[in-house]
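Subject: Structure handover

Hello,

Here is the structure for you to look at. My notes on it follow below.

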Amino acid sequence: MVSLLDGWPIRVAIPLGLLLSILVVWFLDRPRGKWGAALRKRFLFGVPWGTLVSVVGVIAVYLFVQDGWNHWQNPVTVAFASWSYLYPLGMLLGSFSHAGPGHLLGNMTSTLAVAPLAEYFFSHYPTGQGETSGSSWRTTPWIRAFLLFPLGVIIIALGTSFFAWGPVIGFSGVVFAFVGFALVRYPLGTIVALSAQGVVNTLYLALRNPQITGEASTSFSRPWWFGIAVQGHTLGFFLGAMAGVYVLRRRNVRLSALRIWAGSFVLLMSLSLWALWWYRGLEKYVLFRGLGVLFVLALAILVTVAVRTTDRESFGPNARQAGTVLFMIPLVAMAGIAIPVNLTAIDGDGTGSVDTGVEVDGYTVMYAENVPNQKVSVIDVSLGGETTQVNTSGVIVVNEDREIWSREVSQGQLAHAGRRTVRVGGVGWAKAVHVKREGWSATGGETAYQVWLRPDSGRWQHAFASDAANANPVLAGKQVSIAPRQGRFAIELSNNNSTIASGPLPAPNSSITLTNVTFERGENRIVAVVNDTRVQVAKKETYGG
């Protein structure tokens, strides 16, 4: 039975309600037809074709290049990030690829919200004095809509890949370019447009899942600001704003400095461009919030100076040149850092554990802990107590031919989920490597665990074993430990750091006796028995999925 609140009735009602709302507003907002006239003044047939072409192209990359069509929740990502100048495929496709459906949805809804405003400023029809539509190929509306605007998107996307500091994946740099381009002409309109991103996102989710049920659960999470590509976003913003300033100068548009500064500051703060962060140990990160606010203030001032010095009536050519140079300094600085970073090559896997990895058509998938992150530590820099020499733990994917070194699943993620699937591949092919972790938590102590890897067409291969875990209870003067041993687990008894007895972990519903201590195992726990004393010494690790 189909519920009225969850199924096709509500899915039909949502677009009908939206259409009805638009019709009511259109009827009340007389004279009628002015909306269409305003859109047709700038857009071919009143439609932002360049935005739609860009969105369709990015979705096509996700579906058919990243194999999202067959694996919507888990596309191939490792082959399509901008790893190095020595790996052109990643540089070309990094900005058009995405890490998952949530990443794709966020960037596409943001694009649909703000790119039409940027395209409106660009215009399918010439806006300069003396220019007429169709007088040249550059003023032909369909060329501007279907060729020039998408071509500009491609150029910006390549710029955010080629001048990013290390691996980048996702369209967000281009989204920030849309923001920067629109902001210099419509500062307040850009704020309104971006606020519509949440509306578009909610409408999509409401159509897809009109009703959901939530309940309390455990989860693995990092700080919300972890992973924000601030440098890539800033680079995209500057590229877009620079293009916008160029168009403003050609059209000699005069804008208020206060509106530009206020719009820039509010917008960049709301977009979390202040969230400057870095690594500090394993699964530990630091957020420089105060420094980030000063950073955004500096960006707002730079944009304001660059835009205001476009005014020929108020500022002379020297001021305009100074504004251009000032605005170019951050771009030159970011490019100057990016070039040596992206020219580096990886040297082996950096883990010393190649023999435990799984080989898949040039890729090596392995598990290692506390090893140098070769894509963060490419250049040794220490500043303000922070350093680029960062260690990491988890499932690591290496492909020396593609200059790929990536920690695909963190130690914490695997500890929470128990199982993960890593997908590797290239254009036209994809293969999976499955990862599983099993462990026993010692009472009052750490967890002893092991990790296995398995390709789709192979067997489970032992990849990693942790140190033994010591339980707090002391039985007849003996320390109890759970120790990984070649894919199995053992119980050890020790005294004064010397092992006096050991044996394999008993099977479920069985027991083993070591000296005068009996260990009984249920399904998920182990109890030690000494005379009439019973105490739990270990519990099987459970996972959140």
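Start at Thr132. Leaving aside residues up to four places away in sequence, Thr132 touches Pro126 and Thr139. Thr132 sits in the loop that joins α5 (101-122) to α6. Its relative accessibility is 46%, so Thr132 counts as partly exposed. For a sense of distance, take Gly240. Thr132 and Gly240 are separated by 108 residues in sequence and by 26 Å in space, C-alpha to C-alpha.

Please keep in mind that this is a predicted model.

Now the overall picture. The protein has 545 residues, and 47% of them are buried. It contains 13 helices and 20 strands. Along the principal axes, the C-alpha atoms fill a box of roughly 100 × 65 × 45 Å. Among contacts with a separation of 6 or more, 61% are between residues 24 or more positions apart.

Next, two helix pairs.

The pair α3 and α6: helix α3 covers residues 49-65 and helix α6 covers residues 141-162. They pack at an angle of about 55 degrees, and their axes are 8 Å apart. That angle makes α3 oblique to α6. The crossing is right-handed. On the α3 side, the contact uses Trp49, Gly50, Thr51, Val53 and Ser54. On the α6 side, the partners are Ala145, Phe146, Phe149, Pro150 and Val153. By class, that contact has seven nonpolar residues, three polar ones and no charged ones.

The pair α9 and α11: helix α9 spans residues 230-251, and helix α11 spans residues 289-308. Their packing angle is about 15 degrees, with the axes 10 Å apart. An angle under 35 degrees counts as roughly parallel, and α9 and α11 are therefore roughly parallel to each other. This crossing, too, is right-handed. From α9, the residues in contact are Val230, Thr234, Phe237, Phe238, Val245, Leu248 and Arg249. From α11, they are Phe295, Leu299, Leu302, Val303, Ala306 and Val307. The contact of α9 with α11 holds 11 nonpolar residues, one polar and one charged.

On to the cores. Which residues touch the most other members of the largest nonpolar core? They are Phe171, Phe178, Val184 and Val307, out of 68 residues in that core. Val307 also belongs to the α11 side of the contact with α9. Phe178 touches Thr111, Val114, Ala115, Ala118, Phe149, Val153 and Phe171, again not counting residues up to four places away in sequence.

Last, two backbone points to check on screen. Most residues other than glycine have a negative phi. Asp361 is not a glycine, yet its phi is positive, at about 45 degrees. Asp361 lies in the loop between β3 (358-360) and β4 (363-372). With a relative accessible area of 47%, Asp361 is partly exposed. Thr515 also has a positive phi, near 50 degrees. Its place is the loop between β17 (510-514) and β18 (517-521). Thr515 is partly exposed as well, at a relative accessible area of 48%.

Best wishes

Note on methods: Residues numbered from 1 in each chain as written. Predicted model: local features only at pLDDT ≥ 70, side-chain atom pairs only at ≥ 80, totals over all residues. Heavy atoms only, no water. Axes fitted to C-alpha atoms, helices over the stretch in contact; angles between N-to-C directions. Helix = DSSP H or I, 4+ residues; strand = E, 2+ residues; numbered from the N terminus. Parallel < 35°, antiparallel > 145°, perpendicular 65-115°, else oblique. Left-handed = near helix turned anticlockwise from the far one by under 90°. Contact = heavy atoms within 4.5 Å. Nonpolar A, V, L, I, M, F, W, Y, C, P; charged D, E, K, R; others polar. Core = buried A, V, L, I, M, F, W, Y, C linked by side-chain atoms within 4.5 Å. Buried < 20%, exposed > 50% of the residue type's maximum accessible area, 1.4 Å probe, protein only.
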